[in-house]
Amino acid sequence: MRGFSPRIGALRESPTRKIDELREKLRRENRDVILLSTGQPSIPPPREVREALGELLKVDTMELYGYTPSQGIYEVRQAISEDLRRLGGLEVPPEQIVLTAGGQAAMFSTLATLIEPGDEVVVTDPTYFGYRPLLEYFGAVVKPVRTRLEDGFQPNPEALKDSVSRKTKALILVSPDNPTGRTLKEEAAKAVVDLAEDYDFWIITDEAYKTLIYEGSHIYLYKLAPDRTISINTFSKDPAIPGWRLGYVYGPPEVMPKVKLVNEEMVYCPPSFAQRLVAIYLRSEARMRYIREVVEIYRQKRDVAVAALRKYVPEARFIVPAGSMFIFVDLSRYISDGESFARELLERYGVAVVPGSYFSEIYRAAVRISFVTEPPHRLEEGIRRIGEALRAS
């Protein structure tokens, strides 16, 4: 009998891709659009790293074009292992690292490995919009736990305890967070680990922005609970190769071979040329210098955005992000529907943002602003237009 799997109904087009389609339409109409919607970096990988890869392109070999091991080239996994030791003091052998075709494939492979229909999975609200569709696709029961702007969007230990049960299969945390920019504090991290041990569930931590920290430091949950923590990572943000699709997963030794099998069935092997660039990058002298420079530039842009919000949208409520690329702005003192406001803002004022409802059932009058893509003067102009649109609404 012809037909479709009912599970396909759980998958939805990425909201940022929809925004990009509308943005491209406006650009074809020669309308200038200020891009405050995307999490795409604005600073390419270090020039010396790109030049080194360029030299490899001149060599008559299949090294950059052929298949690689499905788990990823050993040299690259070894470089990642060294990098995790340098960044966080972690001891993760190459055998416990699986390279994937981007962070999205890392998410899919991890959830496909762990989740069965009916499993309960706890997520924060707000959280990254990519998780719920995949969880619903695999038949999970999604249990959101509210985090409050007034508390800096830190997960409350008591709220976490109320959300977990013996049916809990996993808890997902993003830190630094997308969309709020908060970094997980030690109290919340310890509470998560204690609950995972008491109720015997997996901790899935999304570390896409782990090197983009402006204040404080990143807590590696794997260091606190290595036998039950699975970490999802991407090279889309550092070193800024989102279009080259490379990410990785690390975790307990009994989990990684299964993640590798799922990923192998999806993509066979990660992109070879992206792996080669990452191997060069992670072992280059430019690696830490590049991160310091990028963080400083993004911090300056963040501060421009914060000052502009306070100037042009004085009733907006937000936390100053300690990491990531975003400010999650509650506009409930101006509007009630962030999605319709974002649509009008793009069509009438030429500014693209992402509605808060894509991340939260609670903060539906919010928008997410990305502060890294545009130069400072356009960033401020975009926020000025937001204020103008709110006054007209």
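Trainee: In this predicted model, why is Ala 240 called buried?

Mentor: Ala 240 has a relative accessible area of 13%, and since the word buried is kept for values under 20%, Ala 240 counts as buried. Its place in the chain is the loop between strand E7 (229-234) and E8.

Trainee: What makes the phi angle of Ala 240 worth a remark?

Mentor: Phi of Ala 240 is near 70°, which is a positive value in a residue other than glycine. Tyr 268 is described in the same terms, with phi near 70° in a residue other than glycine, and Tyr 268 lies in the loop between helix H9 (256-267) and helix H10 (272-282).

Trainee: Which residues does Gly 247 contact, once its neighbours within four places in sequence are left aside?

Mentor: With heavy atoms within 4.5 Å as the criterion for contact, Gly 247 is in contact with Val 98, Leu 99, Thr 100, Ala 101, Gly 102 and Gly 103, and also with Asn 233, Thr 234 and Phe 235. As for Ala 274, which is 27 residues from Gly 247 along the chain, the C-alpha atoms of the two are separated by 9.7 Å.

Trainee: Turning to Ser 81, how do you know whether Ser 81 is buried or exposed?

Mentor: The relative accessible area of Ser 81 is 4%, and as buried means under 20% whereas exposed means over 50%, Ser 81 is to be called buried. Ser 81 is found in helix H3, made up of residues 74-88, and, not counting residues up to four places away in sequence, Ser 81 touches Val 92, Pro 93, Pro 94 and Ile 97.

Trainee: Which kind of peptide bond runs from Asp 125 to Pro 126, and what is its omega?

Mentor: The bond from Asp 125 to Pro 126 is cis, with omega near 5°, and Pro 126 lies in the loop between strand E3 (120-125) and helix H5 (131-137). A cis peptide bond also joins Ser 175 and Pro 176, where omega is about -10°; Pro 176 is found in the loop between strand E5 (168-174) and helix H7 (186-199).

Trainee: Why does the radius of gyration of the protein agree with that of a compact globule?

Mentor: A compact globule with 393 residues would have a radius of gyration near 21 Å, and the protein has 21 Å, so the value agrees with the rule. Along its principal axes the C-alpha trace spans about 55 × 55 × 55 Å, and 58% of the 393 residues count as buried. Among contacts between residues at least 6 apart in sequence, 76% join residues at least 24 apart.

Trainee: What does UniProt place at residues 32-386, and how much helix and strand does the chain hold there?

Mentor: The UniProt record, an unreviewed entry, places the feature "domain: Aminotransferase class I/classII large" at residues 32-386. Over residues 32-386 the chain is 40% helix and 15% strand, with the end C-alpha atoms 15 Å apart, while the protein has 13 helices and twelve strands.

Technical notes. Residues are numbered from 1 along each chain as its sequence is written. This is a predicted model: local features need pLDDT of at least 70, side-chain atom pairs count only at pLDDT 80 or more; totals for chains, interfaces and linings use all residues. Side-chain values use heavy atoms; hydrogens and water are left out. Helices (H or I, at least four residues) and strands (E, at least two) are DSSP runs, numbered from the N terminus. The radius of gyration is taken over C-alpha atoms; the globule rule is 2.2 Å times the number of residues to the power 0.38. Buried means under 20% relative accessible area, exposed over 50%, partly exposed in between (1.4 Å probe, protein chains only). UniProt positions are given in the numbering used here, feature names are shortened, and annotations may be inferred rather than shown by experiment.
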